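I opened the model to look up a handful of sites and helix contacts. My notes follow, in the order I made them.

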Amino acid sequence: MSSSPLSKKRRVSGSETKTGSHCSTSNSVRTELSHTPSNGMAKNGNDAEIDEGLYSRQLYVLGHDAMKRMQNSNVLISGLRGLGVEIAKNVILGGVKSVTLHDQGVAEWKDLSSQFYLREEDLGKNRADVSQPRLAELNSYVPVTSYTGTLTNEYLTRFQVVVLTNSSLDEQTRIGDFCHSNGIKLIVADTRGLFGQLFCDFGEEMVVFDTNGEQPLSAMISMITKDAAGVVTCLDEARHGFESGDHVTFTEVQGMTELNGCEPVEIKTLGPYTFSICDTSSFTDYVRGGIVTQVKMPKKIAFKSLRSSMAEPEFLLTDFAKFDRPGQLHVGFQALHAFEKKHSRLPKPWNQADADDLVALTEEVNATLTGSAKQEQIDQAVIKKLSCVAAGDLAPVNAFIGGLAAQEVMKACTGKFMPIMQWLYFDALECLVESEEVTEEDCAPVSAFCFRNCRYDGQIAVFGSKLQEMLAKQRYFLVGAGAIGCELLKNFAMMGLASGEGEVIVTDMDTIEKSNLNRQFLFRPWDVTKMKSETAAAAVKQMNPSVRITGHQNRVGPDTEKVYDDDFFESLDGVANALDNVDARMYMDRRCVYYRKPLLESGTLGTKGNVQVVIPFITESYSSSQDPPEKSIPICTLKNFPNAIEHTLQWARDEFEGLFKQPAENALQYLTDPKFMERTLKLPGAQPLEVLESVYKSLVTDYPQRWEDCVTWARNHWQCQYNNNIRQLLHNFPPDQLTSSGAPFWSGPKRCPHPLEFSTNNDLHMDYVMAAANLYAQSYGLPSCTDRSALTKHLQGIKVPEFTPKSGVKIHVSDQELQSANASVDDSRLEELKTVLPSSESASKFKLSAIDFEKDDDANFHMDFIVAASNLRAENYDIPPADRHKSKLIAGKIIPAIATTTAAVVGLVCLELLKIVQGHTKLESFKNGFMNLALPFFAFSEPIAAPKHKYYEIDWTLWDRFEVKGIQPNGEEMTLRQFLDYFKNEHKLEITMLSQGVSMLYSFFMPAAKLKERLDLPMTEIVTKVSKKKLGKHIKALVFELCCNDETEEDVEVPYVRYTIR
């Protein structure tokens, strides 16, 4: 259950030998290492091949070009406290050339609240040295070294990107000046308790190759005018989606051919279907057709140095509700550096004198500022809060800022996505107690520096010890141990969730695959094929041995309600989803609403991420709002009129299911299920005939005895799909066919196809036959063969039947026509099939197995077949083909994913967790969040309140229900009559319909005899009778849905009923 897709509509490997750490630790190390990991992986750099098995999901975010640029970048990360290790983790997973960890400090107690690669036995040791071997394990392609010397100018020249996370303002300015004048890209990241700061300087000539990471748009053209600014009109199938200032190029334009393959032209949008281009007045007249495609143009950006940007800052807003906050924090952070310089320490947690001192220093700093950095008035309340929490170190804030900072490192290395210009400030003050202030004593009764020498010191400094005790007792259910699940577990461990009497139960039924290792950072190459939940639980216990965590391998759903029953859910304090599909999310949402438990919901899609918090009685639930349904491809487009590679890939996926999965499933059911024939004959239209014909083919006419039979079948199927069917289509609709209105039939979205001629010299033709024959052999339990010369030899001897297009074959042009067509059923053929099919007694002699599509195994022929089948069809229709990488994304419905987004999203989730554990009750305290790190864009909003409904004078929301005790005081269960009377007498509601799940238990229009029979039966007896299912012993209560009338006989909407039976 890996990281999840963003919106609700989404669906969204060989093991390697264990590698030791491959890097030295010294006072000064060469970072230009010639490095070949011990597992045989190639080194990074220009000559490096990208390991698609490992980087697959990230490649769909960044692309090959950006990944190659990243593999040429040496990165220095200075400061290995919680923020530094978070950035290092994400950058190493990303796959840069090398990472050097710099720190001159030693591990202290307060570091353990967020530095997940430090342990208690490491206290007093250098943080970089201790972290280096643990970080090196994350990615064997990236050499990781530690450095504990001084950051001299000469040393800095070894790096393309420098990240400072724990430096004084003086050092930031010195290094900032040097980096700016020497073409080294600089990122400064800092967190202080609930506050975060990020600064970027990528030089005066930074080139961004792709500002948003979205796929280039394309549209089909219906008209182009000859004009000083020619107007292009697109087909009105869909809006073109372009914006003024975009650049486009043209292909397949008939008539005005001067535009085909032209240099990118800047456009101005005129409307949803029109835009203007360059002067077309001298061009040839436009005739028809053409495709316009967006071209990503490089963009040059100039950054100011840290010194000049301090005085004239440009801010990226993270929260529109805190419009003036960045300016205040810009001065506040400078004052914090001044405080440290003056006192050689940070302000003490919640110390009033220190807070007043910081306010005074902020006023002083502000007085020296000129230009846009100067604030009209200092917000004393915010600066005091900054002072009170500055000594804190929180894992969730580090995760958020660390995710953002690592994404900026990748931008600096690759020019992919728009960098932060240039300052970003963040705070999460809503996490503090809603009512009383935290006292200095609560944060630390010890005087001096207010710390108690425990691993949660950094968190206690912000929230006090009371919260720490509450966190230790929490019992949480984490659903999913993929990318989001791993990040959540790490943060839970750092925060001390379930470190006392509590427990975290994590469930995931998946095993670890190689492609997971790029972002599911708790797993290592030697964990491939192990269970995710158990491996993640063990990894997290290494980070914090006191966390109580249990791994399960169950899928959540109705099938596991015996495990996750009433007792289980009632014992929970909350649920965190880390799912990758909407159905499971909606199921968990329903469970949380029913048991009234808080739900933390999040998802990612590439650089986009979202967080939703669901709080009982306060907010709406996850299912309250839904995305519009995803647009599907019309059947006729797939069958006969494809115009995009997406269409041919979907067709190839349907081919895979229709050749290697469904026929075998049908044949097996026919052989083993006595009721199969009865069920099949009840199917509508021509389906019974189609299914039985398929079974007959699978078991009789097309049943192969040896490998050569599979090759013959594959060759004949190739002929049928890429030659015969296309010739039949062109027989029905010749290339010069006109529609009833006189327009060419083959125009607009309909591309005129041409048949292909098979050749053993054509690699794509051979790829198809090889893959199809092997899959066919696999489904019949025959041995596979990859000998291409033997294949060629056999193909040359195959006599392919002659084909002549037939008249009278009906080909549907639209889905409406297809639906209204009445399929004629040949009853005599149906009867004949019943007699000629083999008897089910002969089942044992048939070896059949259905093949489930698996995209990530390169040796199973699945993607080989898809790529070949799709690209051959694309060739039929002159559609540009797609390489294996793109084909896998589309056909495999892969959700692009990157570690940076996951880390940032989960940081926000855990900030909401802190509010839930403290018992926040105000809607405005909670934050739903959306981000797109590519743009970069952030939006926070308070959750939507649970919508209110009303009957009589009673308000209710989705969190309310009627509680009815089924067992009466006399020990007998309520009958249906008593149930109806109870609502009439107690609630003045007349029930008109009553249902449980899909079972209708009572309705006002029920036949009198049935009603009479049911009225005096106990409710549970009616439920088991109607649903034909026994009630399990784990079920304590039933849910009934009601339709009711009030006393005026008006229909009223009412809550559901929780009917308790045990």
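**Cys-636.** I checked burial here: at 4% relative accessibility, Cys-636 counts as buried. Buried means under 20% relative accessible area, exposed over 50%, and partly exposed in between, with a 1.4 Å probe and protein chains only. The model is predicted, so I note that local features need pLDDT of at least 70, side-chain atom pairs count only at pLDDT 80 or more, and totals for chains, interfaces and linings use all residues. Residues are numbered from 1 along each chain as its sequence is written, and side-chain values use heavy atoms, with hydrogens and water left out.

I placed Cys-636 in helix 19, residues 635-639. Helices are DSSP runs of H or I with at least four residues, strands are runs of E with at least two, and both are numbered from the N terminus. UniProt lists Cys-636 under "active site", in an unreviewed entry. UniProt positions follow the numbering used here, feature names are shortened, and annotations may be inferred rather than shown by experiment.

Which residues does Cys-636 touch, not counting those up to four places away in sequence? I found Phe-641, His-812, Val-813, Ser-814, Asp-815 and Leu-818. Contact means heavy atoms within 4.5 Å.

**Cys-262.** I then turned to another cysteine, Cys-262, in the loop between strand 11 (247-251) and strand 12 (265-266). Cys-262 counts as buried, at 16% relative accessibility. Leaving aside neighbours within four places in sequence, I see Cys-262 in contact with Thr-249 and Phe-250. I also took a distance: Cys-262 and Asp-427 are 49 Å apart in space, C-alpha to C-alpha, and 165 residues apart in sequence.

**Helix 20 with helix 24.** Next I took up helix packing. Two packed helices are described by the angle between their axes and the distance between the axes. Helix 20 (residues 645-672) packs on helix 24 (residues 763-779) at about 40°, with the axes 10 Å apart. Axes are lines fitted to C-alpha atoms, for helices over the stretch in contact, and angles run from 0 to 180 degrees between N-to-C directions. Helix 20 and helix 24 are therefore oblique to each other. Angles under 35 degrees count as roughly parallel, over 145 as roughly antiparallel, 65 to 115 as roughly perpendicular, and the rest as oblique.

From helix 20, Glu-655, Phe-656 and Phe-660 make the contact; from helix 24, Tyr-768, Ala-772, Leu-775, Tyr-776 and Ser-779 do. I sorted the residues of this contact of helix 20 with helix 24 as six nonpolar, one polar and one charged. Ala, Val, Leu, Ile, Met, Phe, Trp, Tyr, Cys and Pro count as nonpolar, Asp, Glu, Lys and Arg as charged, and the others, Gly among them, as polar.

**Helix 20 with helix 29.** How do helix 20 and helix 29 cross? Their axes come within 10 Å and cross at roughly 70°. That makes helix 20 roughly perpendicular to helix 29. Helix 20 passes helix 29 in a right-handed crossing. A crossing is right-handed if the near helix is turned clockwise from the far one by less than a right angle, and left-handed if anticlockwise.

Helix 20 brings Ile-645, Glu-646, Leu-649 and Arg-653 to the contact, and helix 29 brings Lys-886, Ser-887, Ile-890 and Ala-891. I sorted the residues of the contact of helix 20 with helix 29 as four nonpolar, one polar and three charged.

**Helix 1 with helix 29.** Helix 1 (residues 52-62) packs on helix 29 (residues 884-891) at about 65°, axes 11 Å apart. Helix 1 and helix 29 are therefore roughly perpendicular. Helix 1 also passes helix 29 in a right-handed crossing. Glu-52, Ser-56, Leu-59 and Tyr-60 of helix 1 meet His-885, Lys-888 and Leu-889 of helix 29. I logged three nonpolar, two polar and two charged residues in the contact of helix 1 with helix 29.

**Backbone checks.** Most residues other than glycine have a negative phi, and most peptide bonds are trans. Arg-596 has a positive phi of about 55°. Arg-596 sits in the loop between helix 18 (582-595) and strand 23 (599-605). At 26% relative accessibility, Arg-596 counts as partly exposed. Lys-988 has a positive phi of about 55° as well. I found Lys-988 in the loop between helix 31 (976-987) and strand 30 (990-996). Lys-988 counts as partly exposed, at 44% relative accessibility.

I also found a cis peptide bond joining Leu-935 and Pro-936, with omega about -15°. Pro-936 is in the loop between strand 25 (928-932) and strand 26 (937-941).
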